[in-house]
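Morning, everyone. Please look at the model on the screen, and then we will go through it piece by piece.

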Amino acid sequence: MLTARIAVVVSGGGTNLQALIDAQTRGELKSGRISLVIADKDGVQAISRAGAAGIVCAVIPRKEPGFEEKVLSALETHKIDMVVLAGFLGIFSADLLRRFQGPMINIHPALIPSFCGKGFYGLRVHQAALDYGVKVTGATVHYVNEVADGGEIILQKAVDILPGDTPEILQRRVMEQAEWVLLPQAAELVAAQIVSKKESSI
């Protein structure tokens, strides 16, 4: 059976990576296979999660020279069809996006176009939602383009903001109710499209 080879790029704990691994184990992510994890710093928990799942992990420090060239080389070496940014805190250049031929998707912890773009990441997103007083937030999976959080939306899911929420409490609820549900679903949708194209070209 044809599958899309997936690379997951991470910067931290890897909870969204774990959601993808779990979905793959359950057979929900069936059109794609996680073939590579790229961590942009050493010592993060995502590396351990990849190792426990038997997935090859490359540590490529984002602050070192040649970061994007090394990422592209790893994607090519492992014949990657699609990239999932799962808690990656960097922004890839337009040059990398042009040179990588496959789709790239990202998970953002808000309902784009709210609380997104440069500077909106991690707890900052949830603090902004609380400061603004909105009653509903959520998560968005979108295609990556040269504009931060500016690519076409694939899936969104709303999450209620409750009295007494702190940024930390809200972050956890958004992860559990939206991010960990949406990202595997979106990865399967995009992977299935890749497989369909592969099959039609045979």
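First, a term: contact means heavy atoms within 4.5 Å. This is a predicted model: local features need pLDDT of at least 70, side-chain atom pairs count only at pLDDT 80 or more, and totals for chains, interfaces and linings use all residues. Residues are numbered from 1 along each chain as its sequence is written, and side-chain values use heavy atoms, with hydrogens and water left out.

Start with Ser31. Leaving aside neighbours within four places in sequence, Ser31 is in contact with Thr3, Ala4, Glu188, Ala191, Ala192 and Val195. Where does Ser31 lie? In the loop between helix H1 (15–26) and strand S2 (32–39). Helices (H or I, at least four residues) and strands (E, at least two) are DSSP runs, numbered from the N terminus.

Is Ser31 buried or exposed? Ser31 counts as buried, because its relative accessibility is 10%. Buried means under 20% relative accessible area, exposed over 50%, partly exposed in between (1.4 Å probe, protein chains only).

Now H1 and its partners. The axes of H1 and helix H2 (residues 45–52) come within 9 Å and cross at roughly 15 degrees. Axes are lines fitted to C-alpha atoms, for helices over the stretch in contact, and angles run from 0 to 180 degrees between N-to-C directions. So H1 and H2 are roughly parallel to each other. Angles under 35 degrees count as roughly parallel, over 145 as roughly antiparallel, 65 to 115 as roughly perpendicular and the rest as oblique.

Next, helix H6 (residues 167–201). Its axis and that of H1 come within 9 Å, crossing at roughly 55 degrees. That makes H1 oblique to H6. On the H1 side, Thr15, Asn16, Ala19, Leu20 and Ala23 make the contact.
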